[in-house]
Amino acid sequence: DTRQHEQTRQDLSHLLDQLTHWLDRYQLGEPFPQLGIAANQCERCGVAARCVEPDADDRADSILTLADIQEVPL
């Protein structure tokens with residue numbers, strides 16, 4: 001409905017504004033914001049292997065390397 005459509009538009013506009021702000025700050029040398037390990041998002045995050053968070057050692061054991069993945073026969 002119209003109300004839901006407007007709410008979605010506002011949400012997307014807010015997210016885009018936030019990303020634009022982070023990109024502007026990044027171009028000035030500030031890193032993008034990161035969630036803390038306590039947020040429990042690392043296993044679902046696509047960049048967890050490149051994350052340079054100070055406590056990254058705590059999750060290093062849970063991230064698989066290519067050598068850890070068994071080959072699937074065709």
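Modeller: Accessible areas come from the Shrake-Rupley method with a 1.4 Å probe, and for residues only the protein chains shown count as cover. In this chain the accessible surface comes to about 7100 Å², of which 55% belongs to carbon and sulfur atoms. The model is a predicted one: local features need pLDDT of at least 70, side-chain atom pairs count only at pLDDT 80 or more, and totals for chains, interfaces and linings use all residues. Residues are numbered from 1 along each chain as its sequence is written, and side-chain values use heavy atoms, with hydrogens and water left out.

Biologist: What share of the residues in the chain is buried?

Modeller: Buried means under 20% relative accessible area, exposed means over 50%, and partly exposed lies in between (1.4 Å probe, protein chains only). Of the 74 residues in the chain, 5% are buried.

Biologist: How many helices and strands are there in the chain?

Modeller: Helices (H or I, at least four residues) and strands (E, at least two) are DSSP runs, numbered from the N terminus. The chain has 1 helix and 0 strands. Helix 1 contains 26 residues and spans 37 Å from its first C-alpha to its last, close to the 38 Å expected at 1.5 Å a residue; the expected span is 1.5 Å times one less than the number of residues. Gly29 follows helix 1 and has a positive phi, near 105 degrees.

Biologist: Which side chains meet in salt bridges?

Modeller: A salt bridge is a side-chain nitrogen of Lys or Arg within 4 Å of a carboxyl oxygen of Asp or Glu. The whole structure holds 2 salt bridges. One joins Arg9 and Glu6 at 2.6 Å, N to O. Both residues lie in helix 1, 3 residues apart, about one turn of the helix.

Biologist: Why does such a spacing matter for direction?

Modeller: An α-helix has 3.6 residues a turn, so residues three or four places apart point the same way. Arg9 is partly exposed at 42% relative accessible area, and Glu6 is partly exposed at 30%. The side chains of Arg25 and Glu30 form a salt bridge at 2.7 Å, N to O. Arg25 is partly exposed at 33% relative accessibility, as is Glu30 at 36%.

Biologist: How many aromatic pairs does the structure hold?

Modeller: Rings of Phe, Tyr and Trp (its six-membered ring) pair if their centres lie within 6.5 Å; planes under 30 degrees apart count as stacked, over 60 as edge-to-face and the rest as tilted. The structure holds 1 aromatic pair. The ring centres of Tyr26 and Phe32 are 4.8 Å apart and their planes are at 20 degrees, so the pair is stacked. Tyr26 is partly exposed at 45% relative accessibility, and Phe32 is partly exposed at 35%.

Biologist: Which residues form the nonpolar patch on the surface?

Modeller: Patches are made of residues with over 30% relative accessible area and no salt bridge; like charges are joined within 9 Å, and nonpolar side chains (Val, Leu, Ile, Met, Phe, Trp, Tyr) within 5 Å. Here the nonpolar patch consists of Leu19, Trp22, Leu23, Tyr26 and Phe32, which together have about 460 Å² of accessible area. Leu23 lies in helix 1.
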